[in-house]
Amino acid sequence: MTQMPHAVQEPVIATDAPAYEVRTLGCQMNAHDSERITGLLESAGYVPAVNRDPDLVVFNTCAVRENADNKLYGQLGQLAPVKRRNERLQIAVGGCLAQKDRATIVDKAPWVDVVFGTHNIGSLPVLLERARHNEQAQVEILEALETFPSALPTKREQAYAGWVSISVGCNNTCTFCIVPQLRGKEKDRRPGDILAEVQALVDSGAVEVTLLGQNVNSYGVEFGDRGAFAKLLRACGDIQGLERVRFTSPHPAAFTDDVIDAMAETPNVMPQLHMPLQSGSDRILKDMRRSYRSKKFLGILDRVRERIPHAAITTDIIVGFPGETERDFQDTLDVVEASRFSSAFTFQYSVRPGTPAGEMANQVPAPVVQERFERLTALQDRISAELNRELVGTRTEVLVSAQSGRKSEATHRLSGRGPDQRLVHFSVPEGAEQPRPGDFVTVPVTGAATYHLLADPRDASEYSVRRSRGGDAWEAAQAESCGAPSSSGKPAAVGLGMPSLRKP
């Protein structure tokens, strides 16, 4: 009998309970793993470090993002004197970089107490206790998945939205990527287990769910159903109370029309698609071992827009891959111009030890990479601004976020995401109802910048609030954590240091 996953794990409250802090250095998969780590720690008796110094700092690391090593060891270095002053403090390092570097972490930072990998998150509480008892660093890295992470207790970052893993690992062999070595071959969850977790999230108040996988559209290959991902999207459409469904990330080589049809025909699947391009040069795509070419990529976008005309499509692009010529880079610029991405995560290539690309002799000089990067971002900035300006005068429904913009105190605006995942900063007309995080507001788009929209209704007639179960869940979570909301609707609770999904 399948055990229902825990959507929310109530913390153990004790005045002398050890306090923890989780620092996430990585992608959505890392952020989701941090929710599992947080759930495990609170199940083991830890409490969040609110208004007190932590007794435990856990780093959940990435080995893909640029300067991941420098960020980790820099922060570990800052903790060394803290550790000397407080012998009770424990430091743990997990995630992809831990899986890759293993005992090297303890060699470089001998004040670290625990190193654990991507396959044994569930062992963290035991390893911490063992390190404390033995007064010696514990390094435990498994080569295969010990327990599927979704079977572990979880504390969600936000009550109104959540991530659900549908698979872990990857079967692709991209020459720039080390993920398959660190997270292993793709392992798919059974559809019933996924839908049970989604239902549990909805039952606890979530109105938005994002399905996660290194390559979501290859989901089902392990158990022999190549149409499983499209079926999963449609099944999510049957869950009452689930208002928004998103997914990330697909791979262009395996992206099929049944997924496009499911997106177009399932009302709660949002009109937004993240489709990684990486390069517009067919020669570079071949060297990257990306098993598609620019013509196929553009064809996918055409079919998506034919079925979902208002879809916002985002992408990933690497600039300066080994051997990239000016002609290759121009091919990328041409594909970006034709693709009309709403935004792009653009990266300057840097060597990742252990990858085939890292051993290629024809590395592009850093000044050349920088100059090309600047040209690419200028092009994408122009396209993003143009597409955003086209939305001025339309109306959009925004799921209100618990996080506001950096200028929110000065502008008195709140923030949220539209159905197409665009960031919207909006104001509440004088005398109108104040929304809670997790509620929905419908507002007119009155302005546009490169990476966000502005919505400033003239009066209450242009503004409406739809209170939701997500807002109820946020309010209940605030009450449980004694984090009473402020008059601006922003939470007083402390988050997990999750990365925001913004253009680097």
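Two strands pair if DSSP finds at least two bridges between them. I kept that rule at hand while going through this predicted model.

**Entry 1**

I started with strand 13, residues 312-319, and its pairing with strand 14. The two run in the parallel sense and share 6 bridges. For one bridge I looked up the residues: Ile318 has Phe347 in strand 14 as its partner. Then I took in the whole sheet. It is open, has 3 strands in the order 12-13-14, and its pairing is parallel. Which strands stand at the edges? They are strand 12 (272-274) and strand 14 (343-348). Each has a single partner strand, so one side of each has no neighbour in the sheet. On average, neighbouring strands here are turned by 10° against each other, direction ignored.

The order is 2-1-3-4-5-6, and the pairing is parallel. Strand 2 (47-48) and strand 6 (138-140) are at its edges; each pairs with a single strand, so one side of each lacks a neighbour in the sheet. I checked one pair inside this order. Strand 3 (residues 56-61) and strand 4 (residues 90-95) run parallel and are joined by 6 bridges. Phe59 has Val93 in strand 4 as its bridge partner. I also noted what packs on the sheet. Helix 1 does, touching strand 1 (19-25), strand 2, strand 3 and strand 5 (114-116). The direction of helix 1 makes about 170° with that of strand 1.

I then picked a residue of that helix. Ser43 belongs to helix 1, residues 28-43. Its relative accessibility is 36%, so Ser43 counts as partly exposed.

I asked how many residues of strand 10 (residues 208-212) are buried. The count is 5 of the 5, so strand 10 is largely enclosed by the rest of the structure. I went through both faces. Glu208, Thr210 and Leu212 are buried on one side, and Val209 and Leu211 are buried on the other.

Gly162 is opposite Val209 of strand 10. Strand 11 (residues 244-248) is also joined to strand 10 by 5 bridges and runs parallel to it. Here Thr210 faces Arg246 of strand 11. The chain goes from strand 10 through helix 8 to strand 11, a right-handed β-α-β crossover.

**Entry 1: helix 8 against helix 9**

The axes of helix 8 (residues 228-236) and helix 9 (residues 257-265) come within 8 Å and cross at roughly 5°. Helix 8 is therefore roughly parallel to helix 9; the cut-off for that is under 35 degrees. From helix 8, Phe229, Ala230, Leu233 and Arg234 take part. They meet Asp258, Val259, Asp261, Ala262, Met263 and Glu265 of helix 9. Sorted by class, this contact has 6 nonpolar, no polar and 4 charged residues.

**Entry 2: Thr396**

Last, I looked up Thr396 in strand 15 (residues 395-400). Is it buried or exposed? Thr396 has 15% relative accessibility, so it counts as buried. Leaving aside residues up to four places away in sequence, Thr396 touches Gly418, Pro419, Val424, Val441, Thr442, Val443 and Val445.

Notes. Residues are numbered from 1 along each chain as its sequence is written. This is a predicted model: local features need pLDDT of at least 70, side-chain atom pairs count only at pLDDT 80 or more; totals for chains, interfaces and linings use all residues. Side-chain values use heavy atoms; hydrogens and water are left out. Axes are lines fitted to C-alpha atoms, for helices over the stretch in contact, and angles run from 0 to 180 degrees between N-to-C directions. Helices (H or I, at least four residues) and strands (E, at least two) are DSSP runs, numbered from the N terminus. Angles under 35 degrees count as roughly parallel, over 145 as roughly antiparallel, 65 to 115 as roughly perpendicular and the rest as oblique. Contact means heavy atoms within 4.5 Å. Ala, Val, Leu, Ile, Met, Phe, Trp, Tyr, Cys and Pro count as nonpolar, Asp, Glu, Lys and Arg as charged, and the others, Gly among them, as polar. Buried means under 20% relative accessible area, exposed over 50%, partly exposed in between (1.4 Å probe, protein chains only). A crossover is right-handed if, with the strands pointing away from the viewer, the path from the first strand over the helix to the second runs clockwise.
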